[in-house]
Amino acid sequence: MKLDTKQIVGISIGLLGLISPFFFQLEGLSDAGHVALGIFFLAAAYWMLEPFPIYATSVLVIFLQVILLSQQGFLFPESTAQYTPDDYTAFIGTLASPIIILFLGGFVLADAAVKYDLDRNLTRILLSPFGKKPGSIVLGLMVVTALLSAFMSNTATTAMMMTVILPIMARIGKTDPLRIGLSLCIPFAANIGGIATPIGTPPNAVVIGALSQQGINIPFGEWMILATPLVVVALLFTWFLLIKMFKPEAESIEIDMSGKFNTSGNAILLYIAFAATVLFWVTESFHSVKSAIIALIPVVFLTLSGVVTKEDIRKLPWEVLWLVAGGISLGISMKSTGLAEWIVGSIEWSSFGTISLLVVFAGVSVLMSNFLSNTVTATLLIPLAVSLATSGVAGEGFNLIIVSLVIGVSASMAMMLPISTPPNAIAMSTGTIQTSNMAKAGISVGIFGIILVVIYALFYWPFILN
Amino acid sequence: MDRKIFILVVEDELEVMEALVNDLEQFEGYFPIESANSSEEAKQVVEDIYAAGNEIGLVLCDHVMPGQNGVDFLIELQTNNQQHNAKKVLVTGQAGLEDTIQAINNAQLDHYIAKPWTKEQLEEVVTAQLTNYIMAQRYNPMQYMMILDSVRLLEYMRTHKITDH
Amino acid sequence: MPTKAFSDRQELLKFIRRAITESPELQQFLRTFSKDEVLFRQGDPIPHLYLLLEGEVILNHQREDGTELDLITLSPGHFIGLVAFTTGNHSLTTCRCTQNTIALCIRQDEYETIMTNHPKLSNPVQKLMLSNMADRFQKNVQLESKMNALNKQLEDEGEQLKEAYEQLESSHQKLVHQEKMATLGELVAGFAHEVNNPAAALLRSSEMLKSNFGEMHLNDAFSQIFKLGLESKPVSSTDIRTNMLQIQKQFPWVKERSQIRKLAQMPDEALALILKHKKKVGLDQMVQQFESGKFIHNIQVASERIANLVKSLKSYSRHDNNEWEEIDIREGINDTILILSNRLKYLNVELDLKEIPKTCGKMGELNQVWTNILVNACDVLPNGGDITIKTKAESDFKIVVEITDNGPGIPEKIIDRIFEPNFTTKNQGAEFGLGLGLAISNEIVRQHGGFIKVSNLESGGASFKIILPVRDC
């Protein structure tokens, strides 16, 4: 392993962060709190500067908590007045928490869907009603992309949809702004679509994971009721924005998608599994079988039937699960060591109004995730919001669920730069757009997103939750 | 990406080497080109490239050269642990069937270009082979979307679970 | 000797006859056989020893395949069944009388008694027996030497047959080869003609392009650098690499690697020109001008190469009409070298073609000789080496062409065999009919009244000396 300067700097800052709390006696913070703060600094530094892959940092975070903060660790084998250490299983158990299992189910489904071209064939069917007018085609592409990315990885959806629009691009004029509109509509719709379901994108998992630590369970269907209306509005706005900003010159465009649904036995099994799982998830509130339990259906069914093979299981994106688990486990020690409480207590929150607090959280979340991984953004911000809400210092309107949603949803509204999300990077890599095009449209969507999230947090979400 | 992926052109006739390198100019922004006039020189170049922490993605090699011929050179590359991943293309004006079979079997030749080539043909082969290389090495395909086969790279991203975090 | 043996036998026979006549006891042992009567058959045990007194018998042997062979005809005075009598074996032959015959017939177990009782008989019989034995031994010796002579003759005949076969094979090969070369010659002639036109057009167009392009330039810097491009020489990749480092220092503002490479292939004058004009004229344009000049130059060089190759191909194949004519052998050698330039390009070919008189020959066939020898030399020098071709006139009547290489030489074991038809040390992968073997070369030279002398040089390598007479047509 050869380290470059950037990595060395990142590693040093992280280590410095880890040990710095030991040199200061922070008033009101327990010894364990000092340790937790060090781990938090290290995690923040490594996640933000990325000297290591972020999933590696996540595992490191779990490991550090086990050896430093658990009952089985070096530092706190006995309970003290200030700190009752958790058993180490609390930390490593995050790797099997319900949200992780839910994601696992989603991965297996998505993997099988890609394997049998379900995504591509659905696109073909769903796009046909949108006609040939550029405007409606763009809308159609966005709707399909958002729908697919709600259940599949945003990145895989974008990659697939880009193969749909590349032939279109080849047919339209080199200077037609439609090219830019097309190139941007896919990643933007994929980013936004991910918000719609718990399994749509990892930040959602972080939100749900953090809430379940607080004993709050958000059923699959309820999340959709909360998030989907926002997704629809954001999608329509983005569509309108892109059509206005990049007015198409072409009169009509042809989408040539030939293909046939795979009708092999395995493919049929997959279709059934997919439909059944989604149906049970969406209707969780009626049958109250937990979505994580339902998520086991496709895993069991598809592996038993051999639709998903050992090779496929091996190739699942396990690192995403590690990443989310690391984020959840970080929340455990921040709470149990009193660190979260201490952070909350050290700021005079009541001087902010509820609205301005929501705006700040939404804004910071969008801003951070434009430059950082969306998941990391949610992971770093949510413990703060959770303790703020549970401590009650921020006032009545500052509901735990709502503020978590604000952070989670806002994290997916970042699409200003190519580095903001992998879908953006893919769109950029095709070379049809300039960073300035993306930045202009992305900033508009981001600002609109903040406003939208705050409005929903003030009116729609409290209405549904009550 | 700090590790550079080189294209190596091995050709003893200077005019032909120059023509090959000129036709590959568009790749240079992503894949720096190195050239050599003999197998012996090529081996030195390969060694230097790896010693500098870089690697070779594609070798375009002439067949008949003074000293070691192109097929033997490619076979030697193939047996080297470090370099056997590189895609190998034989560029030749006069290979007999036997040589070609030998090259395919022993050097795991990836492609075969007959002289005289056309620019389009050469670009097509190089694009396809470098795309194969990037995918085989599991490098991030995004930075090569503009120069290589974007549809195949996208398909690779779709099926290889590159995720959102 | 046979005469003496014969007279001895007659003498002894007389004594025996007398002894029988004198003793009635012995007469009972006389047996008379009529013509064609069989005494015993092959494979029978022979209980008697016969002494032939009158008439004649023939011994006949039946071979395993059933055919019969008459072995020997015995006259009076000969013993019959002597071998079987002494060894106790079964008879190897069948004994038949060819005329009425009288023989003394003694049973084996009676022999001793009779001989003891009749001393008069015993003495001549024993002598006769000895004479019989000596006679047979002598015959054996004669037979052996005759067989040897026969074998020798057979061997000689086989040898002659082999030689004839080889000659036949060689002329067959030559015929096939001639046929091949004639077809190839036609093909080549047609091809050369077809290629000549485009090659000429290419050459002319590049000349025109050169002058047109030269006049088009308004800018002095452009025309200067264009001219430098026209005169430029290709640069080796090693030099390019070295120069590229230099260029990066000299033109630090040039970032594109392909541009740096192009600059690295320019002569210093061109670089100086670019630096001099860098304020007024863009670097990219200057590079482009230089490259244009270079490309035109490359077209010219390449089309000249094609034209030259075609010329030599035509002349190489022109002579394949197999006519005897007055030829200058050096022309053929030069054509051959051009034709083989692809094989020879990695070798150092040294020519020392001294003035030689014209001679009568078939140019096309002689070219085959040079081709064969040169291709063989190429094969033994896979990693480069030297080839020397010399011609000289040793007298007014003798031309010597010597082709030497500095390869490993010809192993002493095979140096005498290399002219044999079908002799080869390499795979039969001859390239379009070239290098079909030294046997043909030898044959061709022989037909020209000359010969090839092969030897290894002391300094290593092989030497082929082709000695040809100067003849008029």
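**Note on the predicted model: a helix, a sheet, cysteines and an interface**

1. Helix 14 of chain C has as its buried residues Leu438(C), Ala439(C), Ile440(C), Ser441(C), Glu443(C), Ile444(C) and Val445(C). Buried here means under 20% relative accessible area, with exposed over 50% and partly exposed in between, for a 1.4 Å probe and protein chains only. Helices (H or I, at least four residues) and strands (E, at least two) are DSSP runs numbered from the N terminus. Helix 14 of chain C covers residues 438-447, and because seven of its 10 residues are buried, the helix is largely enclosed by the rest of the structure. Just after helix 14 of chain C, Gly449(C) adopts a positive phi of about 80°.

2. On the basis of the note: this is a predicted model, in which local features need pLDDT of at least 70 and side-chain atom pairs count only at pLDDT 80 or more, while totals for chains, interfaces and linings use all residues. Residues are numbered from 1 along each chain as its sequence is written, chains are lettered from A and ligands numbered from 1 in the order in which they are written, and side-chain values use heavy atoms, with hydrogens and water left out.

3. Chain C contains an open sheet of four strands in the order 2-7-4-5, with antiparallel pairing. Its edge strands, each pairing on one side only, are strand 2 (38-40) and strand 5 (68-74) of chain C. From one strand to the next, the twist averages 30°; angles run from 0 to 180 degrees between N-to-C directions, with axes fitted as lines to C-alpha atoms. Two strands pair if DSSP finds at least two bridges between them. Strand 4 (residues 57-62) and strand 7 (residues 94-97) of chain C are joined in the antiparallel sense by four bridges. Within strand 7 of chain C, Arg96(C) is the bridge partner of Ile58(C).

4. How many disulfides are there over all chains? The count is zero, a disulfide being a pair of cysteine sulfur atoms within 2.5 Å. For Cys95(C), the closest cysteine sulfur is in Cys97(C), 6.1 Å away, which is too far for a bond. Cys95(C) is buried, at 0% relative accessible area, and Cys61(B) also counts as buried, at 0% relative accessibility.

5. Chain B contributes 16 residues and chain A 33 residues to their contact, defined by heavy atoms within 4.5 Å. About 2,100 Å² is buried between chain B and chain A, and carbon and sulfur atoms give 64% of this area. Buried area is the accessible area (1.4 Å probe) that two parts lose on being put together, summed over both. Three salt bridges are found across this interface of chain B and chain A; each requires a side-chain nitrogen of Lys or Arg within 4 Å of a carboxyl oxygen of Asp or Glu. Arg158(B) and Asp117(A) form a salt bridge through their side chains, at 2.6 Å from N to O.
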